[in-house]
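The following note sets out points for discussion on the model shown below. Please read it alongside the sequence and the coordinates.

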Amino acid sequence: MKNPRTILALVVAALLVFTVAFVGVLVVLVRNADEHDPVITAYAHGKTVEVEPYVYCSVKMEDCRYGQTVQLDVPPDYPLQLSLPKQIADAPWLAQLVYARPNGDRIDQVINHTNFPEGAMAVTIDSRPEPDLRLVGLELQLPILALDKDTGKEFYLPHAAWSISTAT
């Protein structure tokens, strides 16, 4: 019959080996896990939707994935609130807002990360900045600086965008 201390030492050693093996497998699984594209949460008038990217490419404009515009009705005089994941909040982003007048004329407005406190993870969009305007959609973009090889001019190009239609 073995000494109780020997049995305890063997049990502790076995638990230690198991723990090290478990942590090793966990590290490999986490390292090899697919990275998910950032998702925006949009909220208006009691309804919340998850907004996956409309387009999401690497900053070299490779490995592009495409999605769809998300519908979220935003009644006049109610704000649209966006919850941004850290990957977007910490990046230089811009939002292309599209408003419509009652006669159908479209008005574009651009806001960007500098309109909000640095790293802001929540953004509120006015659905009616003027009495006769109504927010009909927006596209939040992560731009990169690109170069036109023919003209040598630099311009901004979104490598990622999230699209929301706010009017039916």
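1. A polar contact is a pair of N or O atoms within 3.5 Å; within protein, one must be able to donate a hydrogen and the other to accept it, and residues adjacent in sequence count only if both atoms are side-chain atoms. In such a contact, the side chain of Thr 166 reaches the backbone nitrogen of Gly 137 at 3.2 Å. Thr 166 lies in the segment after E11 and, at 0% relative accessibility, counts as buried (buried means under 20% relative accessible area, exposed over 50%, partly exposed in between, with a 1.4 Å probe and protein chains only). Beyond four places in sequence, the residues that Thr 166 touches include Gln 71, Asp 73, Leu 80 and Arg 134, where contact means heavy atoms within 4.5 Å.

2. On the basis of the model: this is a predicted structure, in which local features need pLDDT of at least 70 and side-chain atom pairs count only at pLDDT 80 or more, whereas totals for chains, interfaces and linings use all residues. Residues are numbered from 1 along each chain as its sequence is written, and side-chain values use heavy atoms, with hydrogens and water left out.

3. The protein chain contains 2 helices and 11 strands (DSSP runs numbered from the N terminus: helices are H or I of at least four residues, strands E of at least two). Along the sequence their order is α-β-β-β-β-β-β-α-β-β-β-β-β.

4. The largest nonpolar core comprises 32 residues (a set of buried Ala, Val, Leu, Ile, Met, Phe, Trp, Tyr and Cys residues joined through side-chain atoms within 4.5 Å). Elements that each supply at least two of its residues include helix H2 (86-89), strand E10 (134-147) and strand E11 (154-165); E10 gives the most, with 4 residues. Leu 140 is among the residues with the most contacts inside this core. Leaving aside neighbours within four places in sequence, the contacts of Leu 140 include Ile 40, Leu 82, Trp 93 and Trp 162.

5. What joins Cys 57 to Cys 64? The link is a disulfide, with an S to S distance of 2.0 Å (a pair of cysteine sulfur atoms within 2.5 Å), and the structure holds 1 disulfide. The link is right-handed, with 115° about the S-S bond. Cys 57 counts as buried because its relative accessibility is 3%, whereas Cys 64, at 27%, counts as partly exposed.

6. Of the 168 residues of the protein chain, 30% count as buried. The C-alpha atoms fill a box of roughly 95 × 50 × 30 Å, taken along the principal axes.
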